[in-house]
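This report covers helix packing and core residues. Read it alongside the coordinates.

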Amino acid sequence: MMRDHLAVLGAVIREYLENQLPQLGEGWWQTGVVSALSFQQRQIVTERGWTSLGDLDLAALLRVVDGNWDFLKTRSNLSYESRNWLKEALSIRNRHAHESLESVRDPKREYRDVDTLARLAE
């Protein structure tokens, strides 16, 4: 269930970035995407020759939004709450990506996680 919500968020963020980042100019991929990624993510992008947001996973997409926050906030009039939801979404994604099969899920936490992802997607 949570994977589905994370996948939807990834699709929403990818579409948003595809509309916004080219406004950075001709070198938007390098400036807005590659430079916002972690060292490891940059290595993967370079080694695999990726040049599309469609190649990136949710962790990388969230990092790109975070790295371009000031630009995106101004262009889209994003709220300060949105930044908090972004940071929470990073934590949610990490928690679920590294969750063991034996871990017990807390329904209240899952509800909160889904709510945060939905608010960010809006």
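A crossing is left-handed if the near helix is turned anticlockwise from the far one by less than a right angle, and right-handed if clockwise. Helices (H or I, at least four residues) and strands (E, at least two) are DSSP runs, numbered from the N terminus.

The model is predicted: local features need pLDDT of at least 70, side-chain atom pairs count only at pLDDT 80 or more, and totals for chains, interfaces and linings use all residues. Residues are numbered from 1 along each chain as its sequence is written, and side-chain values use heavy atoms, with hydrogens and water left out.

**Helix pairs**

H1 passes H7 in a left-handed crossing. The crossing of H6 and H7 is also left-handed. Axes are lines fitted to C-alpha atoms, for helices over the stretch in contact, and angles run from 0 to 180 degrees between N-to-C directions.

| Pair | Angle | Axis separation |
|---|---|---|
| H1 and H7 | about 15 degrees | 10 Å apart |
| H6 and H7 | roughly 130 degrees | within 9 Å |

H1 is therefore roughly parallel to H7, and H6 is oblique to H7. The classes are set by angle: under 35 degrees is roughly parallel, over 145 roughly antiparallel, 65 to 115 roughly perpendicular, and the rest oblique.

Contact means heavy atoms within 4.5 Å. On the H1 side, Met2, His5, Leu6, Leu9, Val12 and Ile13 meet H7. Their partners in H7 are Glu110, Asp113, Val114, Leu117, Leu120 and Ala121. By class, this contact of H1 with H7 holds 9 nonpolar, 1 polar and 2 charged residues. Here Ala, Val, Leu, Ile, Met, Phe, Trp, Tyr, Cys and Pro count as nonpolar, Asp, Glu, Lys and Arg as charged, and the others, Gly among them, as polar.

From H6, the residues meeting H7 include Trp85, Ile92, Arg95 and His96. Those of H7 include Arg109, Arg112, Asp113 and Leu117. The contact of H6 with H7 has 6 nonpolar, 3 polar and 6 charged residues.

His96 sits in helix H6, and Asp113 in helix H7. Buried means under 20% relative accessible area, exposed over 50%, and partly exposed in between (1.4 Å probe, protein chains only). His96 is buried because its relative accessibility is 11%. Asp113 is buried too, with a relative accessible area of 4%. Leaving aside neighbours within four places in sequence, His96 is in contact with Met2, Leu6 and Asp113.

**The core**

A nonpolar core is a set of buried Ala, Val, Leu, Ile, Met, Phe, Trp, Tyr and Cys residues joined through side-chain atoms within 4.5 Å. The largest one has 29 residues, of which Ile13, Leu17 and Leu56 touch the most other members. At least two residues each come from helix H1 (2-20), H2 (28-33), H4 (58-67), H5 (69-76), H6 (80-97) and H7 (107-121). H4 gives the most, with 6 residues.

Leu17 touches Pro22, Leu53, Leu61, Val64, Val65 and Leu72, not counting residues up to four places away in sequence.

H4 is mostly covered, with 7 of its 10 residues buried. They are Leu58, Ala59, Ala60, Leu61, Leu62, Val64 and Val65. These pack against H1, H2, helix H3 (39-48), H5, H6 and H7.

Glu81 lies in helix H6. Glu81 counts as partly exposed because its relative accessibility is 49%. Its C-alpha atom is 32 Å from that of Gln43, 38 residues apart along the chain.
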